[in-house]
Amino acid sequence: MSQAERRATDRGALFRLTGLIGFLAIWWLAAQAVASPNLLPSPLRVAIYTWHATESGDLPRQMAFTLARVLVAFVIAMAAGSAAGYAMGRSARIDAIADPWLVIALNLPLLLVVILAYIWIGLNDLAAVLAVVAAKAPSVVVTLREGSRALDPGLDDMAAVFRLPYTRRLREVVLPQLAPYLAAAGRSGLSITWKIVLVVELLGRPNGIGFVLNSAFQNFDVTAILAYGLAFAVIMLVVEAGVLQPLERRARAWRGDA
Amino acid sequence: MLEARIAAKRLPSGETLLHDVALAAAPGDIVALLGASGAGKTTTLRILLGLDRSFDGDLRCRAARIGAVFQEPALLPWRTVGDNIRLVTHHAAPTDIAALLRDVGLPEAEALYPRQLSLGMRRRAAVARALAVDPDLLVLDEPFASLDPRMAGLIAERLAVHVRTRGAAIVVAMHDIDRATAFATRILVLSGRPATVAARLELPADASDADRAAIRARLLDSFGFLADAPAAL
């Protein structure tokens, strides 16, 4: 990294820190103005609550339930959505058959999907995960369908003439072209998935961050709502910045100067 | 090794692009397909490669290994030139790849990415990849385009050596009458709308310079438009 690039990175970090401090300052001022800790607790009060919830083990436990659901639903939605999107992008016939299904799936209200999953499958984790997959996979399908339509036909011809085995063709020719689309679907996918998981937990699970938020709502406990909600959002942001963004950069790396 | 009879090839619009085109290549043959741009040369090659099956006629290909150079070099941009060659062959040793690249005038290119090469260099890398599979049949679409005469000569000689030493056959689409008469053992001229074989000329490997000059003159006389065709696509 050159000195100029390092300076630019440092400046970016400084701006982000300024933004964060500004957010906390506005929150603190608003809490002072409202002057009702039950309605809007100060950042310090929420931080102390978060510390106690972490120390007691409840926050990590609830977070583990939610993270497990997010992870399982995310992996299934990405795998199923990618496979379906690839098939639709490659075959006009499959696209014509599946497109009406996709349009319906994209426009189904989330609540409808969750409620029907709980009624038909039962109030269990299978229903919760399938509801999240059904809500998330259609947008993965759309992204991967676009990616598959953009595949270079010249490389397909090359792979066919040189008789590359199917797995090699997929690994060496197709997946590198789809990598930016997979990364984009993954990044947007994770942020949507965890929000859906909270709703699913709120409606029908006996644990997880969504369940805690529901209990806190019943008790009008805004401090707990902010503590659990923000803690989970921070974890998701860390995963996004620490795992998904580097993966996306890697997927696009070959386009730069080697 | 290869026999094709294309009774008709129609475009999606319904227009007939090729009509009654027959082509055969036996071991040792270098068949040059000459024709103006849009005459149907690339479509003919796609049919020969089995990439386009929507035609009336039949195709018999007994080649065990086929190598091809496409009009666009079709190299994987995320792999080095060496890895692009390794992709199509399991058995190419590092020395084989270095030798192939040296033969096509790219001795330093193995670790480079395609975007670091000019179009002409990418085309030569594609020739090296096609040779790497030790093909019985080479199907080449304008392999000499974007190459200077010296480099085109080097590639033509390397391809001719492969034909002589391995008993392979080549079908090559090209514009250049001079190169075709110097390189090919048979020349087919595609012309007309729909395109058909307007001329079929035999040039045995031992044909004298005078014979080749006579055929060149005959081609220029009958198909002068080919001399105006751009050397590079």
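User: How many residues of chain A are in contact with residues of chain B?

Analyst: Contact means heavy atoms within 4.5 Å, and by that rule 19 residues of chain A are in contact with 26 residues of chain B. This is a predicted model, in which local features need pLDDT of at least 70 and side-chain atom pairs count only at pLDDT 80 or more, whereas totals for chains, interfaces and linings use all residues. Residues are numbered from 1 along each chain as its sequence is written, chains are lettered from A and ligands numbered from 1 in the order in which they are written, and side-chain values use heavy atoms, with hydrogens and water left out.

User: What area do chain A and chain B bury between them?

Analyst: The size of an interface is often given as the accessible area lost when the parts come together. Here buried area is the accessible area (1.4 Å probe) that two parts lose on being put together, summed over both, and for chain A and chain B this comes to about 1,900 Å², with 65% of it on carbon and sulfur atoms.

User: How many salt bridges are counted between chain A and chain B?

Analyst: A salt bridge is a side-chain nitrogen of Lys or Arg within 4 Å of a carboxyl oxygen of Asp or Glu, and the count between the two chains is two. B:Arg79 forms a salt bridge with A:Glu172, where the closest N and O atoms are 2.9 Å apart.

User: Which helices of chain A each supply at least two residues of the side that touches chain B?

Analyst: Helices (H or I, at least four residues) and strands (E, at least two) are DSSP runs, numbered from the N terminus. Helix 7 (153-161) and helix 8 (166-204) of chain A each supply at least two residues of that side, and helix 7 gives the most, with six residues.

User: Which way do the residues of strand 5 of chain B point?

Analyst: In a regular strand the side chains alternate between the two faces of the sheet. In strand 5 (residues 66-69) of chain B, B:Ile66 and B:Ala68 point one way and B:Gly67 and B:Val69 the other way, and all are buried, where buried means under 20% relative accessible area, exposed over 50% and partly exposed in between (1.4 Å probe, protein chains only).

User: Is A:Gln62 buried or exposed?

Analyst: A:Gln62, which lies in helix 3 (residues 58-90) of chain A, is buried, because its relative accessible area is 4%. Leaving aside neighbours within four places in sequence, A:Gln62 is in contact with residues including A:Asn207 and A:Tyr228.
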